[in-house]
Amino acid sequence: MEETSREAVATAVQRVAGMLQRSDQLDKVEQYRRREARKKASVEARLKAAIQSQLDGVRTGLTQLHSALLDVKDIQGSLADVSKDWRQSINTIESLKDVKDAVVQHSQLASAVENLKNIFSVPEIVQETQQLIEQAELLQAHRKLMELECSRDDLMYEQYRMDSKNTSDMNLISIYFEDVQSLSDELAKQLWMVLQRSMVTVRRDPTMLVSVIRIIEREEKIDRRMVDRRKQTGFIPPGRPKHWKDKMFQVLEHTVSTRIEGTQSVTREADKMWLVRLLEITRKYVVDDLIIVKNLMVQCFPPHYNTFNSLYHAAVSARVKELASEDLEANEIVSLLTWVLNTYKSAEMMGHPDLFSECDINQLEPLLPKEVVDHLLSKYIQTFTLNITGWLRKALETDKKDWHKDSEPEADQDGYYQTTLPAIVFQMFEQNLQVAAQIDGEFKGQVLKLCLKQMNSFLIRYREEAVAYKEEHLRDRQLPPCYVHYMIAIINNCQTFKESINSLKRKYSQSPEPTESDAAIDKTLGGVAKDGCQFLLDEVFLDLEHHLNELLTRKWLSGSHAVDTICVTVEDYFNDFNKIKKPFNQEMTKEALRRVVVEYIKAVMQKRMSFKNADERREGAERMIREADQFSFLFRKLAGEDTERLCGAITAIAEVFKLTDPTLLFLEVTTLVSKYPDIREDHIQALLAVRGDASREMRQMIIGTLSENKVASSATSQPIFRDIPVPTILNVQNC
């Protein structure tokens, strides 16, 4: 309390200090005082009102509690009076037992008198009822049957009330009315027969179906009444409850199931498309039946039944479960799942426009449990994996046979050689992906992933077969007759495979992100194409081998046409290589130029000859420069590529040979090394040896100086000398 007072004083001081910050505010002190006094009076008035309200509430509550206490005392007194009166009435009730027995006896006599007419006329009523049943007058027959059952049940009930242990009288009544139960059974047979033919009956005579439903509803009411009486008295007539409504649903369910099961008219042995036909017939029957149900039968049944959609759904579900349990083939699995997951709820079946108002497809349970669907999908994947492996193997074997033909492979619209292998492979993939897409998107993605995985394995085998094809050709270069053309087709197929894979991914992939299979396929395709290009270049250089061996020899110096022949041969081969698609064609041309230059420089490094004098060096250098220009002209013509660096290596070496002043040799070699940093010391030694006029001291000086001032090799420069070996023993051919 003290703390609260201190806080209030501190707040007041702060408030007053805020009001009197300037001297001119002192004139308003009285005004401030009156305003604060009014506020204080207002707050006190509100507090008083609140306290008065609380006091009034407490006073009212006390008054009500006092009144409740008085009421409780009055109730206690009344209960005591009731208890006293109840004890006094027990003796009175026991004295009325004779009256009660008389009432029961009177009730039995009254029931007997009331049913006396029916009792004596039971045989006649039974006969009339039998005739009415035979004449299909079901409502009248049921009315007669109810009269007989009512008479029997009332007599048995009164007998039960009088002496429930007197079984002889009960049996006497049962024997007398024994034909009633047989009539009931006969009438039930007629009802079930009408329900079994309900689809026909509702179109011919809907009143008959309505009569059946009315009879069943009456029996349901009697069943409920008898069951309620059994709870009160313990008595229930024989044959009750009949449960005809439950039986009705069983009959309808069996009828629907029989109709659906009866749609299978063919087997797998007779028709490979048996399942497709079966499912289509089932779809048609179900739609036709449900349209009849909606337009005709619904009006015959009470609205609260609402069972026909569920009956058909349950029957169809049971049927497809049976089909799913069979040993289905891959295409049959797809047909079944497509029908179950898509067709069933589509506008062709349960979503049909004519059924829209009666059937909510969103409320229908799945026809097959998820675990069954997953099992079928897994089985399909296993079968598809085996099938596609076999298909790919067979396609590759067929393509390999074409490689040995005497005729060239076909060309596409742009003139590039190709085989039918990519088209066959991707037609298989396309067909299976289209089938998978009919099921759902997730499964389509699984099949695409599997296709790409199998594609990578297939391409690995494709690469192995291409290598075997090349090795077979090397054993006899005359065979196969169109080796070059089919190797070109193999290279071009790699580009077709890549384009087809990208097309499949764009069309069927749900995720644009690259996968591990993508990288593996690209790597394998690149390897196949690279190997193919390498094999073709090997073929070229096998034909050039003799002419390459003439380079930088005495025969070459004396006027050999080796380079002319090399250029003509390369150009001739590349006329065929024009059938190779880009970018493989361009890469192959670059590689061919590099190999030609490397082989030329290798001929220099092998020191097949050594120049004897300055004239030979000049003549040889000029020849090298001319031949470098020949190579440059040829490959610019073939590919339009820059040949300066590669062909320039031959020219740079020629300049070393052409130099007439040996004292400047160091500068010329230094220039060569600066242009081609990958050149090694043994290369320089070989060049100086071929030049023929460099003394031992000069060679050592040049090599030593270059070693001290070695130029760092640029990572971006195209290496030329790196792959050129220099023989350890130099055999000089001076002749």
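Modeller: Start with the contacts of Arg240 (heavy atoms within 4.5 Å). Leaving aside neighbours within four places in sequence, Arg240 is in contact with Glu149, Glu219, Ile222, Asp223 and Met226. This is a predicted model, where local features need pLDDT of at least 70, side-chain atom pairs count only at pLDDT 80 or more, and totals for chains, interfaces and linings use all residues. Residues are numbered from 1 along each chain as its sequence is written, and side-chain values use heavy atoms, without hydrogens or water.

One partner deserves a second look.

Where does Arg240 lie? Find the loop between α10 (206–233) and α11 (244–261); helices here are DSSP runs of H or I, at least four residues. Arg240 counts as buried because its relative accessibility is 9% (buried is under 20%, exposed over 50%, partly exposed in between, with a 1.4 Å probe and protein chains only).

Now the second residue. Gly351 also sits in a loop, the one between α14 (330–343) and α15 (370–403). Its relative accessibility is 21%, so Gly351 counts as partly exposed. Not counting residues up to four places away in sequence, Gly351 touches Tyr344, Lys345, Ser346 and Ile361. Gly351 and Val287 are 64 residues apart in sequence. In space, 9.6 Å separates Gly351 from Val287, C-alpha to C-alpha.

Terms used
Helix = DSSP H or I, 4+ residues; strand = E, 2+ residues; numbered from the N terminus.
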